[in-house]
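Please keep the model open beside you as you read.

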Amino acid sequence: MGVGPSGLVNDIGPEHFPPNERYFALVNFGNTCYCNSVLQALYFCKPFRDKILGYKSQPKKKETLLSCLADLFNNINTQKKKTGVIAPKKFVAKLKKENELFDNFLQQDAHEFLIYLLNTVADLLQEEKPTDKNTLKGKQGLPNGKYNGNNNETKTEPTWVHDIFQGTLTNETRCLCCEGVSTRDEDFLDLSVDVEQNTSITHCLREFSNTETLSQECKYYCENCCSKQEAQKRMQVKKLPMILALHLKRFKFVEQYQRYTKLSYRVVFPLELRLLNTSDGAESSDKLYDLVAVVVHSGSGPNRGHYITIVKSHGFWLLFDDDVVEKIEVSAIEEFYGTATDVQRSTESGYILFYQTRDI
Ligand SMILES: [Zn+2]
């Protein structure tokens, strides 16, 4: 263990080293492991990598965060050596320039960075699309009378970021007086689930979709009854994404300390996952997902500690820790579930899980 990139070829065995695959660690520029860890996870989400490399092969456009990401992925993909270390200098510089949140030397939240990156890439793709925008705008409003959540963002044309990561949740509210049901759909790029001690990701997802009763001051305004009524509400997955990104809400704001604290709870995540919290009409709701990457946080809070990533590639598992990459046994994955003891300890625990549907 602890071998650098050169030892990796021996660890894998030169004869088993996948042809056309590169395993490159990333230099840390001072607390940029939140960024490195997410970049590695995304690199090993194959559909995402393929699209980014495809973008790179298109005619050169102006420098954006997307073009810098494409250059970085391409740089890794076209290395002569099979393993080594790369400095994602241009990407990190562009990131800091584009968003002041990341323009410092503090540790950042890897999940915030992931969502920022996916949204930025999607926005840039939309901007660069040849303009048939005017004709589309009119049709995008409210299909089938549904409205798009309580956020006022208008529905825009989907990009391949949406094709890969976007799923749809359906919110169902049943009035307990008239039994009338209203539904509201909401798109997501990732799901954020609450965590509890000694549970599993399946449990977290079930809790996420559990029926909640709205009563007392939280009553629901029923259009049918024209008054506030008690109601039951539940949220289920209606459209399953190609890649399901699951964010474990491990950072919790504690009033008493006026800061975020980390929940290192042991949450088991399986190598194979089926979503059980799908709505009745959900298409291919029995899809099987394979775990392909995990961003792991170690340490005690969002602005301290360290991020690493474990990924699955060609049937084996690798651990990326900034400028180190090593092969790990599949049995070592359970070390990243968290801790079942409540003693405050610096534990390595799964923070963002990436599951990919098997049929692609
Ligand atoms: Zn009602």
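Strands here are DSSP E runs of at least two residues, helices are H or I runs of at least four, and both are numbered from the N terminus. Two strands count as paired if DSSP finds at least two bridges between them. Within this pair, Gly167 stands opposite Phe188 in β4. The two strands form a hairpin with 5 residues between them, and Glu179 in the turn has a positive phi of about 65°.

Before going further, a word on what you are looking at. This is a predicted model, in which local features need pLDDT of at least 70 and side-chain atom pairs count only at pLDDT 80 or more, while totals for chains, interfaces and linings use all residues. Residues are numbered from 1 along each chain as its sequence is written.

Back at β3, the strand is also joined to β10 by 8 bridges, and these two run antiparallel. Here Thr170 stands opposite Gln236 in β10. Strand β10 (residues 231-239) is in turn joined to β7 by 3 bridges, again antiparallel, with Leu214 having Ala231 in β10 as its bridge partner. Put together, this gives an open sheet of 4 strands in the order β4-β3-β10-β7, with antiparallel pairing. β4 (181-188) and β7 (212-214) are the edge strands, each pairing on one side only. On average, neighbouring strands of this sheet are turned by 30° against each other, direction ignored; the angle is taken between axes fitted to C-alpha atoms, for helices over the stretch in contact, on a scale from 0 to 180 degrees between N-to-C directions.

Now turn to the helices.

Helix α5 (residues 89-98) can be read in the same way: Phe91, Val92, Lys94 and Leu95 are buried. Their arc is only 160°, which puts them on the same side of α5. The cover over them includes α2 (33-43) and α4 (65-77).

What about the interior? The largest nonpolar core has 78 residues, and Val38 and Leu246 have the most contacts inside it. Such a core is a set of buried Ala, Val, Leu, Ile, Met, Phe, Trp, Tyr and Cys residues joined through C-beta atoms within 7 Å. Beyond its neighbours within four places in sequence, Leu246 is in contact (C-beta atoms, placed from the backbone, within 7 Å) with residues including Asp190, Val193, Ile352 and Tyr355.

Finally, how far can you trust the picture? The mean pLDDT, the predictor's confidence in each residue from 0 to 100, is 89 for the protein chain, and 90% of its residues reach 70 or more. Over residues 135-152, however, the pLDDT is below 50, and this stretch has 9 contacts in the model beyond near neighbours in sequence. Where pLDDT is low, the predicted coordinates should not be read in detail.

Definitions and conventions:
Buried ≥ 20, exposed ≤ 12 C-beta atoms within 10 Å, placed from the backbone. Arc of directions from axis to C-beta. Contact = placed C-beta atoms within 7 Å.
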